[in-house]
Amino acid sequence: MESNGISEQKIVTGDSGYILQDVPHLSDYIPDLPTYSNPLQDNPAYSVVKQYFVHVDDSVPQKIVVHKDSPRGIHFRRAGPRQKIYFEPDEVRACIVTCGGLCPGLNTVIREIVYSLYHMYGVTRVLGIEGGYKGFYARNTIPLTPKVVNDIHKRGGTILGTSRGGHDTSKIVHSIQDRGINQVYIIGGDGTQKGASVIFEEIRRRGLKVVVAGIPKTIDNDIPVIDRSFGFDTAVEEAQRAINAAHVEAESVENGIGLVKLMGRYSGFIAMYATLASRDVDCCLIPESPFYLDGKGGLYEYIEKQLKENGHMVIVIAEGAGQELLSESMQQDASGNKLLQDVGLWISQGIKDYFSKQKKMTINLKYIDPTYMIRAVPGNAADNVYCTLLAQSVVHGAMAGYTGFTSGLVNGRQTYIPFYRINEKQHKVVITDRMWARLLSSTNQPSFISNKEVIEDRKEHISGEEKNEETQLLDDENRVPENVDDSQP
């Protein structure tokens, strides 16, 4: 079942091209595990639910837009409570850790994991690991109870603290063993989930009855497979305040330009959705869509045209856009992310120089960078609901003995996704997709790319889709996040 320390993928096939990319289970490597009745069957909160438990064969399709002759395709195991569980509540000793950058909703997820363990399953021993992965072997912990976490969802950040890096697999697993922990809940982005996958593999190698479960966190919405990441809705909503301020500043002066830099290191989802929501943006620049400054059809020409026609304009730029035009820094942070140049300051100066030196035209440019204001706020109503569903789903999965998985929303349904799918690549805006076309129609900005480049991009995209259809192991990753709800996790 294993090769080079990496466990094989669990694939279940069925009729008509059905493929289930299943998640690992404790029983895969620990034989004869006892099972117990799920206490939810006696829980008053579930007494009114018609179907207490998720059927063993319930699964969720990754791709829902199909042709009449299409194979059924890839599915993921549906999340939710199971009739049998693999832990007695008294034996559970759980821990929660948050890693990487801040994101709206972190405290809500922590709160709801604690509440779900306590009030659904009667688990009373829950630890918070302080300061990210390094907190495991620095022996920093705090006990988490419903009383401790009761109001934390009203605050931004994370009460556990966070950090980048600090991942030492051997030390972390030794610490888990020494503390008697048997459920590990890891909240973090793609780097964190890769670390969680390595922890799971080491725990499996040692044959420990320990669940490792992840909740994906990225404000950039760049994690694949899932509909959206928690905190994304809040980030888009907060970005509106900065865009509105830029618009007010720009339209109040002659030749006013409001420039807003938003988060988006490799994926431009926040910038794209904030632009579509605002209606005040004239140009949106993202990492996935190259642009150029000078010459016919360039950014400077478009700015000049807008100023002459409207007297003002608003530009939104993602932090990772235009990096190929700068001398890119090769330094990395502790999570392995490239340390990008400040494209906002650079392009602000470039615009000023262009109009003052080449056009002899007076402009008034205001640059707004709300980056850390956006991510440091508490989650909004939609994100808080989503965080609750994620937390409850991940606890149900852990109690049912599933491990090596991430809890995520796929086509509006809560699912359990194997780590390797979450870690395979980054989710990015597809500039030949309809959503980017909607943005171009809204802003009326040029695409900044030639027809030849569009055709080549489409060919590459179509070729990738054909390959996916042939292998049936990868599906269409070009869905954009929608506001969806799954009231039945």
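Let me begin with accessibility: a residue is called buried under 20% relative accessible area, exposed over 50%, and partly exposed in between, with a 1.4 Å probe and protein chains only. What you see is a predicted model, in which local features need pLDDT of at least 70 and side-chain atom pairs count only at pLDDT 80 or more, while totals for chains, interfaces and linings use all residues. Residues are numbered from 1 along each chain as its sequence is written, and side-chain values use heavy atoms, with hydrogens and water left out.

I will take Tyr292 to start with, which at 34% relative accessibility is partly exposed. Tyr292 lies in the loop between strand S15 (283-285) and helix H8 (299-310), where helices (H or I, at least four residues) and strands (E, at least two) are DSSP runs numbered from the N terminus. Leaving aside residues up to four places away in sequence, Tyr292 touches Gly297, Gly298, Leu299 and Phe448, a contact being heavy atoms within 4.5 Å. With Gly297 there is also a reach from the side chain of Tyr292 to the backbone oxygen, at 3.3 Å. Along the chain, Gly322 is 30 residues from Tyr292, yet their C-alpha atoms are separated by 8.3 Å.

Now to the cysteines: how many disulfides are there? The count is 0, taking a disulfide as a pair of cysteine sulfur atoms within 2.5 Å. For Cys283, the closest cysteine sulfur is that of Cys284, and because the separation is 7.3 Å, they are too far apart for a bond. Both residues are buried, Cys283 at 0% relative accessibility and Cys284 at 1%.

Definitions and conventions
Polar contact = N/O pair within 3.5 Å; in protein donor to acceptor, adjacent residues only side chain to side chain.
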